[in-house]
Number of protein chains: 2
Amino acid sequence: MSIAVSPLAPTNVPEMPVIAGVRLATAAAGIRYKGRTDVLLAVMDKGTTVAGVFTQSKCPSAPVEWCRARLGRGGSRGGFARALVVNSGNANAFTGKTGRQATALTASIAAKAVGCGPSEVFLASTGVIGEPLDATKFDGVLGTLAESAVPGEWMNAARAIMTTDTFPKVATATVKLGKAKVTINGMAKGAGMIAPDMATMLAFVFTDAPLTAGALQALLKSGVEDTFNAVTIDGDTSTSDTLLAFATGAAAANGAPRISRASDPRLKAFTKAFRAVLADLAEQVARDGEGARKLVEIIVEGATTKKSARKIAMSVANSPLVKTAIAGEDANWGRVVMAVGKAGEPANRDKLSISFNGIRVASRGARDPGYDEAEVSAAMKNPKIQIRIALGLGKGRDRVLTCDLTKEYVAINGDYRS
Amino acid sequence: MSIAVSPLAPTNVPEMPVIAGVRLATAAAGIRYKGRTDVLLAVMDKGTTVAGVFTQSKCPSAPVEWCRARLGRGGSRGGFARALVVNSGNANAFTGKTGRQATALTASIAAKAVGCGPSEVFLASTGVIGEPLDATKFDGVLGTLAESAVPGEWMNAARAIMTTDTFPKVATATVKLGKAKVTINGMAKGAGMIAPDMATMLAFVFTDAPLTAGALQALLKSGVEDTFNAVTIDGDTSTSDTLLAFATGAAAANGAPRISRASDPRLKAFTKAFRAVLADLAEQVARDGEGARKLVEIIVEGATTKKSARKIAMSVANSPLVKTAIAGEDANWGRVVMAVGKAGEPANRDKLSISFNGIRVASRGARDPGYDEAEVSAAMKNPKIQIRIALGLGKGRDRVLTCDLTKEYVAINGDYRS
């Protein structure tokens, strides 16, 4: 299936700098696709720490279980990593014992290629589910990749992990840690967020900052809250969602201090930059939502708590009726009221106000007195739509990104396998 | 907008018998539609009891608030009714104080027309939201309707309450209560379940059985659990959903016993018939789901509890990826695994089995050894698709009805207002 690049794709792709201690290589292993790369090997220097957050699914894929086990305590502790192997085309999910065997075999092939223990190998797979993954295909391939890995292959790496994505997603930031310059590079894939077929969300972030695994894990956990966890395409959650962060520590050679706690005040600028990279990647995922023609930002203010604001924002963001209205360029605030009402969170109809792209359409439980259909309709032509919902109850505020629901989404997901 | 009748519409429409104590009339009041009826008046004899269940939305419509107040204690007590006024074309939702004034005015016009108190008048509105409802349009109309109301107008009544529905929905049952024959008639509307625009779910059930309001309320509350509450079109909940039940008690004249408790053993056959009417109407709502081409039944077995089974079934039923796959006649069990996994309920991947229309496609955490793509693909051509999910954990079981998600759904809801 050939799909044109999303009209919401970023127009500027950043130059991706080298990260000392990380080398990348890609290959076409023929997992499922023909004529394109489908395997990424990232090789990290000794002492690289790793942290991860994963799908909340009760039916996770075999690679998710593998990574969780490596990180210990269900993935919450962090650990050390020498290699990351990502394949596209097959998710190795719902593959039973063969799935577990495939992860073990892949890790052992990678460990031999890189010269480390299998427990230092991290894995992520994306693609069809329920199909056994033939890990023997990695034999030879990973050895060659380990030899040919070089520091500058970021765009090729981002391309190799794509499935139904219409553009590669990368982000970068450079920031001071102590007196040393450190770099953060990230890549992501995900389009039909967050589907198990060909559109699982995967993201990998690398830095040369010297962070302990514990600090990195804490940074990652708090970082996803308002970035990746605040994006939804269709409310569907993959069995394979994986976000891994790696810190090589190479910047210590330039005088960057070693950081062992995420709350260390020296980490302030880094934390901000790290979150910006996550936010950038997460927004790109929304911009590549399957069939998306509009990027939709939902801001909820005046809720009783931030948590309540998040629930209401997600209820609006996942409502098929709201999303189809936006696809139709219709400022249908009635459906927004409906989605607020169904969230089950505190809301008072007679205090509720709603704006589309800065134009207030409803206030205090009724249509805004100054409502002008023509003005609002013109605003809805914009490729970015902001829905602002003021509840008037408290100080809880949150923001969620999504996209519209188009006939193309149905076509992509209805016609996909057949 | 002209839409062909749903291909899932029932082929047999029942003859609707008279219910002693209920008279019906419809009119074209010009609320929004042209050239069709848009007001229904039902006149009930003195002593008619009433019960109701309503939307769980935190932003309910003015008529929902009106009915709840009449029934007392948030609608849980039941009461007496002499009239029901239903209009289509305007939902009188999110209309602030004017909305409350419109319900009061409508009730007072109806009360005068019928010769009762305003608190014995029940109201339901469906249509666009946020538009003030001009209740003065009912002046004169309701008086004429009260005079012309007759017992046999069931099909016309079911037509007058339609909005984006493609066919009128009625159901009937006749059953013994004591030694007397009693009748239950119902009508419903709802298509884009459950949208606030033109597709709110409304249902009205009438019987001549002599039931107290308390018994009727208990019957209704338990009756919706596995019928109306087990249907979803798009997971969206209207501000206006209303199900009212009326019992005229006229069958007492034929010797039917007066029943004051839903648990009365004499009510057993009646309860069964009452639920069958609710189930029939609820299924018709799913069959008229906006853009629906497939009726989808989701059965979850082996869950830890019935409640857990319901949550999993709803997670599958509301998954856009599952619904688009069915629209594409694709037995994509991977997406079913995804939706089971995201429900957050106890599930063990390695015990999970999934069937489509009786053909097992996945068992114990992997593709079924006997999986035959051609056989499954042929089964998916059926207009009715049953997905059976066996969790293998406990005895919890539940069943939910939904429909597929087609390009027509997006067209109907994206192009609706514009």
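## Strands and pairing

Two strands pair if DSSP finds at least two bridges between them. Strands (E, at least two residues) and helices (H or I, at least four residues) are DSSP runs, numbered from the N terminus.

This is a predicted model: local features need pLDDT of at least 70, side-chain atom pairs count only at pLDDT 80 or more, and totals for chains, interfaces and linings use all residues. Residues are numbered from 1 along each chain as its sequence is written.

## The sheet of chain A

A:Asn185 has A:Phe206 in β9(A) as its bridge partner. Strands β8 (residues 180–189) and β9 (residues 202–207) of chain A run antiparallel, joined by six bridges. Helix α6 (residues 268–287) of chain A packs on the sheet and touches β7, β8 and β9 of chain A. Contact means that C-beta atoms, placed from the backbone, lie within 7 Å.

The open sheet has six strands in chain A, ordered β4-β3-β10-β9-β8-β7, with mixed pairing. β4 (79–80) and β7 (169–177) of chain A each have a single partner strand, so one side of each has no neighbour in the sheet.

## Two domains in chain A

Chain A divides into domain 1 (22–287) and domain 2 (295–414); the bounds come from an automatic or database domain assignment. Their C-alpha centres are 33 Å apart. In chain A, 11 residues of domain 1 are in contact with 11 residues of domain 2.

## A residue in chain B

B:Ile326 sits in helix α8 (residues 320–327) of chain B. B:Ile326 counts as buried because it has 26 C-beta neighbours inside 10 Å; the cut-off for buried is 20 or more other C-beta atoms within 10 Å, with exposed at 12 or fewer and partly exposed in between.

How values were computed. Chains are lettered from A and ligands numbered from 1 in the order in which they are written. Two residues are in contact if their C-beta atoms, placed from the backbone, lie within 7 Å. Axes are lines fitted to C-alpha atoms, for helices over the stretch in contact, and angles run from 0 to 180 degrees between N-to-C directions.
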